Amino acid sequence: MYSINEIDEIISSHGNDQSSIIAILHDVQSKYNYIPEDCLEYISNKLDISPTKAFGIVTFYENFSLEPKGRYIIKICDGTACHVRKSTPILEALKKELKLTDGKKTTDDLMFTLETVSCLGACGLAPVITINDKVYGKMTPEHVVELLNSLKEEK
Amino acid sequence: MKGTMIIDGRKVEFENEQNVLEVVRKAGIDLPTFCYHSELSMYGACRMCIVEDNKGGIFASCSTLPKDGMEIFTNTPRIKKYRKNILELLLANHDRDCTTCVKTGNCKLQELSSRLCMDDVRFPNSMKEHDIDYSSLAIVRNPNKCILCGDCVRMCEEVQGVGALTFAYRGSKMKITPAFNRTISEVNCVDCGQCRAICPTGAITIKNQNDYFWELVNDKTKRVVAQIAPAVRVALGENFGLAPGTVTIGKIITALKYMGVESVFDTSFGADLTVMAESEEFLERLEKNENLPLFTSCCPAWVKYADNNFPDLEYNISSCKSPQQMFGSVLKKYYKELDKEDGKETVVISVIPCTAKKAEASKEEFITDGVRDVDLVITTQELAMLIKDAGLMFENLYDDSFDMPFGLSSGAGVIFGSSGGVAEAVLTRLMKQKPSVSDKEIIFNNVRGMKRVKEANFVLDGKEVKIAVVHGLKNASELVKQIQNVEKTYDIVEVMACPGGCIAGGGQPTPMDEEKRKKRASGLYSLNRTAQIKSSEENPLIRDLFQGLLKDDHEILHVQKNHN
């Protein structure tokens with residue numbers, strides 16, 4: 001859950017400025033891993049932007065999410081280098097292990113979110129995944145399952 | 001800027017044109033467009049207006065400034081090929097089932113496909129099926145017919161200041177939707193229907209209730225009576241090839257009778273009633289000096305907009321019902337006795353230029369003992385469809401006149417359909433009551449026309465009364481803010497949601513532009529000039545009504561709100 005006080009703090013740290021809406025949404029997104037719908041409405045009212053417009057902004061950028069994301073955000077690279085070094089079997093292994101589909105990106109227990117990205121800029125380590133911004137290179141389907149299991153134990 | 005351009009080898013002078021497209025059109029070449037409208041901001045999305053310059057560069061003419069010496073070509077084989085490709089791609093992502101689309105025959109996409117000789121679409125249809133939104137009482141939104149020109153988004157935001165629609169997502173997933181993918185009925189839409197009026201395709205259409213019309217007129221237990229709003233009579237003809245502003249009221253009455261309506265009345269009579277009730281209310285407020293300025297309440301889209309955005313104005317907005325609702329309740333009261341005698345149930349249908357009236361008629365405060373004051377609202381467009389459906393040859397119909405006992409209305413009531421009309425009618429009434437007022441003509445000229453905000457002053461009992469007339473909800477919103485900040489003070493403010501007033505309502509024939517609006521308005525003013533009764537209180541039938549049916553019951557002219 002988010003708190004109104006925290007949201008107010010974020011908004012005022014950007015000087016209650018309409019034109020800072022993207023920066024504000026960034027902060028909200030990184031604090032809660034997603035932007036709750038009613039929170040977005042609150043922010044838009046506060047900044048005197050219509051909720052309709054705010055919705056347009058949030059859905060335009062891939063980084064913003066209106067759905068809650070998991071504690072671990074796994075980004076799997078499917079750029080050219082990773083793709084030719086067989087990123088697809090890794091993606092399939094992750095999906096199978098986490099019981100996710102193309103439409104369903106986050107596990108029911110809100111532990112993991114799986115996203116495909118186009119390039120992580122670490123082609124030398126292909127195929128690459130990141131988990132909460134930590135980079136894991138030269139992945140294999142077996143290795144990635146091990147990694148998942150160790151994360152599950154951590155909790 | 002001033003200069004000369006060369007268009008397809010011809011010299012064309014330009015002076016104040018905003019963009020190359022306008023210069024091209026001035027030269028007599030109708031470049032196709034979907035997303036360009038001079039009253040909206042530039043968008044440059046549809047790319048239909050592309051032209052080629054003498055270096056082979058291709059650009060959208062709507063978003064390029066004209067330059068002196070510029071040479072362009074509008075119809076080279078290359079440009080024609082590209083333009084056709086663009087249209088083909090639009091069609092590849094479109095529900096092309098034209099035979100079951102209500103917009104068929106009046107659709108820009110269809111028109112341009114025919115103009116550009118589109119005989120084949122080479123790509124498989126990539127359209128993803130979206131749910132059709134039937135939730136609104138005024139409009140239906142079918143995203144499968146949307147070409148993403150954004151006209152509705154800009155109309156709603158820039159002209160109406162509502163912003164109920166937006167572009168969401170991006171790339172191939174982009175779509176037009178209310179916030180959070182809600183339905184229209186769940187958001188701040190005010191039902192004005194301007195999105196529908198500007199939509200080039202069948203993506204936004206009027207909520208059609210013609211089936212219910214046929215059901216009512218074929219029900220032997222029902223007595224169907226109809227009222228026709230002023231703006232309908234100067235626009236309906238456009239659907240039958242007549243010029244905008246042509247008055248066709250006689251034929252409309254005949255058509256309704258042929259289709260099974262027993263009596264046909266004039267909503268202008270309702271407008272006369274409104275003038276009486278509203279002037280009375282104004283004089284009362286002026287005397288007590290409270291709840292001023294008085295905002296008019298005739299326009300349901302404005303009333304809803306004010307409810308949403310300016311709840312503080314609750315007591316400033318006139319408590320009078322709109323002419324439609326006022327007349328509806330009078331008709332219901334009038335037929336009560338007869339209904340008891342012959343066992344029939346009277347139903348009131350109103351024919352109106354407006355989509356918001358559909359929503360207004362279903363509001364709780366306009367339902368008495370479970371019976372609606374107005375049972376069915378059909379727009380000008382729907383009436384045209386009814387007439388065509390019935391196979392009536394409109395141009396051959398004879399001219400009939402309105403039925404008694406509500407068959408007379410004043411010239412003041414007729415101009416309610418145009419921006420400034422309500423103010424002028426109320427003024428006419430107030431001035432008649434206090435003949436000391438002069439300079440009538442000067443005042444009237446101030447409140448007529450298409451200016452965004454119009455102002456007029458007059459003296460009443462030694463007191464200066466200030467009137468403002470505004471149309472377009474964005475303009476209204478700006479004016480209200482100025483009033484709230486005491487930058488401006490008025491005593492009466494007339495607001496109509498649609499640009500130009502009801503003549504350009506969301507239920508009127510499309511497409512419309514400034515020129516058409518002016519012609520429709522002048523149609524109404526010509527009726528005003530030739531009317532034998534000028535002022536609402538001179539209407540003998542209104543006098544009879546106040547001495548008879550409404551003698552002890554002025555209540556039914558006002559909205560009874562429950563204030564908790």
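Is B:Lys251 buried or exposed? I looked it up in this predicted model and found B:Lys251 buried, at 18% relative accessibility (buried is under 20% relative accessible area, exposed over 50%, partly exposed in between, with a 1.4 Å probe and protein chains only).

I noted the conventions. Residues are numbered from 1 along each chain as its sequence is written, and chains are lettered from A and ligands numbered from 1 in the order in which they are written. Local features need pLDDT of at least 70, side-chain atom pairs count only at pLDDT 80 or more, totals for chains, interfaces and linings use all residues, and side-chain values use heavy atoms, with hydrogens and water left out.

I then checked salt bridges (a side-chain nitrogen of Lys or Arg within 4 Å of a carboxyl oxygen of Asp or Glu). B:Lys251 pairs with B:Asp399 at 3.8 Å, N to O. B:Lys251 sits in helix H7 (residues 249–258) of chain B and B:Asp399 in the loop between helix H12 (380–389) and helix H13 (411–414), so the pair ties together parts 148 residues apart in sequence (helices are DSSP runs of H or I, at least four residues, numbered from the N terminus). B:Asp399 is exposed, at 57%.

I found a salt bridge between B:Asp403 and B:Lys257 too, with the closest N and O atoms 2.9 Å apart. This pair joins the loop between H12 and H13 to helix H7 of chain B, so parts 146 residues apart are tied together. B:Lys257 is partly exposed, at 24%.

For confidence, I recorded a mean pLDDT of 89 for chain B (pLDDT is the predictor's confidence in each residue, from 0 to 100). The model scores ipTM 0.85 and pTM 0.90.

Technical notes: Helix = DSSP H or I, 4+ residues; strand = E, 2+ residues; numbered from the N terminus.
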